Amino acid sequence: MNTAYLIYLANYSDGVLYVLAGLLVIALGVIVDRFWYLRRTILHGSIFVREIAQHGCLDRETLQSLADEAGDLPEAALLKAAVIHSGYVQGDPLASRLEESILIMAPQLDRRLWVLDTIITLAPLLGLLGTIIGMFHAFSVLAAPGHAPTAVTGGVADALVTTATGLFIAILGLIAFNAFNNQVRQILLAMDSVKTMLLNRMDGHPMPDNRESLLQAADPKMAAAVARAG
């Protein structure tokens, strides 16, 4: 399949195949962007959650240090809110303020996923439209005198390429969209875990020294390292 044939197929669909190619480029751009951001957030966030779990009590200075260390992670918003309210608000009011930080950060996690969702629906429809246009061209051969049956069947085969292209884009986008939604849920769960940890460590009552058991459940290797350091 050379470039000349691809251009012929695109023109045969009256340009619909060009539009599908543009949708594919956009979908790949969104997939690469979200994969990089969400994967990085999950990996760094899991390490950060384990680090918070090592603290038995969190004061303002420790919270500020953790917030600076978090950088641009979503958990940083929770820590900054905790720094602001440390020593002033506790219990349910503090939980509400931390929950507000999660709600503010949530749209950033699924940003641009609506583009992928739209392409998943739009690509097969455009592919079908291109096939219908190609079928018009294929059957218009029947109106010409002395037409050859092979010209009709060949035209139908060319027309089906746009449908196959649209389905391929939709399948690729659907797999990525579901994977990203699952990663967003993991990040929100990690943020909810951080919120609970902050509430438990900012209530003025030090946590019992159960770091090893907590880390053993999350990461046995890190638990062994903490035990050796202690």
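Student: Leaving aside its neighbours within four places in sequence, which residues is T131 in contact with?

Tutor: Bearing in mind that this is a predicted model, T131 is in contact with A159, L160, T162 and T163 once the neighbours within four places in sequence are left aside.

Student: And where does T131 sit, and is T131 buried or exposed?

Tutor: T131 has its place in helix α6, which covers residues 113-139, and with a relative accessible area of 7% T131 counts as buried, because the cut-off for that is under 20%.

Student: Okay, zooming out: how many helices and strands does the protein chain have?

Tutor: The protein chain has 9 helices and 0 strands, and its elements, read from the N terminus on, run α-α-α-α-α-α-α-α-α. Of the 230 residues in the protein chain, buried ones make up 38%.

Student: What share of the contacts with a separation of 6 or more comes from residues 24 or more positions apart?

Tutor: Residues 24 or more positions apart account for 76% of those contacts in the protein chain.

Student: Let's switch to α3. Which of its residues are buried?

Tutor: In α3 the buried residues are L63, L66, A67 and A70. They cover an arc of only 105° around the axis, so they lie on the same side of α3. The face turned away from that buried side carries the exposed residues E61 and D68.

Student: What follows α3?

Tutor: α3 is followed by G71, and the phi of G71 is positive, near 65°.

Student: How do α3 and α4 pack, in terms of angle and axis distance?

Tutor: α3 packs with helix α4, residues 75-85, at an angle of about 155°, and their axes are 9 Å apart. The two helices are therefore roughly antiparallel to each other, since angles over 145 degrees count that way. The crossing in which α3 passes α4 is left-handed.

Student: Which residues meet there?

Tutor: From α3, the residues R60, L63, Q64, L66, A67 and A70 meet A76, L79, K80, A82, V83 and I84 of α4. L63, L66, A67 and A70 come up again here, having been listed as the buried residues of α3.

Student: And what about α2 against α3, what are the angle and the distance there?

Tutor: Helix α2, residues 16-53, and α3, residues 60-70, pack at an angle of about 170°, with 12 Å between their axes. That makes α2 roughly antiparallel to α3. The crossing of α2 and α3 is right-handed, and the contact is made by F48, E51 and I52 on the α2 side and by L66, E69 and A70 on the α3 side.

Student: New topic, then: what span should α5 have, and how far apart are its end C-alpha atoms?

Tutor: Helix α5 has 19 residues, 91-109, so at 1.5 Å a residue it should span 27 Å, and its end C-alpha atoms are 27 Å apart, which agrees.

Student: Which residues of α5 are buried, and which exposed ones are on the face turned away from them?

Tutor: L94, A95, L98, S101, I102, M105 and L109 are buried in α5. They cover an arc of only 120° around the axis, which puts them on the same side of α5. The face turned away from the buried side carries the exposed residues D92, L103, I104 and P107.

Student: What is the relative accessible area of D92?

Tutor: D92, which has its place in helix α5, is exposed with a relative accessible area of 62%. D92 and L199 are 107 residues apart in sequence, while their C-alpha atoms are 9.0 Å apart in space.

Definitions and conventions: Residues are numbered from 1 along each chain as its sequence is written. This is a predicted model: local features need pLDDT of at least 70, side-chain atom pairs count only at pLDDT 80 or more; totals for chains, interfaces and linings use all residues. Side-chain values use heavy atoms; hydrogens and water are left out. Helices (H or I, at least four residues) and strands (E, at least two) are DSSP runs, numbered from the N terminus. The expected span of a helix is 1.5 Å times one less than its number of residues. Buried means under 20% relative accessible area, exposed over 50%, partly exposed in between (1.4 Å probe, protein chains only). The arc is that of the directions from the helix axis to the C-beta atoms. Axes are lines fitted to C-alpha atoms, for helices over the stretch in contact, and angles run from 0 to 180 degrees between N-to-C directions. Angles under 35 degrees count as roughly parallel, over 145 as roughly antiparallel, 65 to 115 as roughly perpendicular and the rest as oblique. A crossing is left-handed if the near helix is turned anticlockwise from the far one by less than a right angle, and right-handed if clockwise. Contact means heavy atoms within 4.5 Å.
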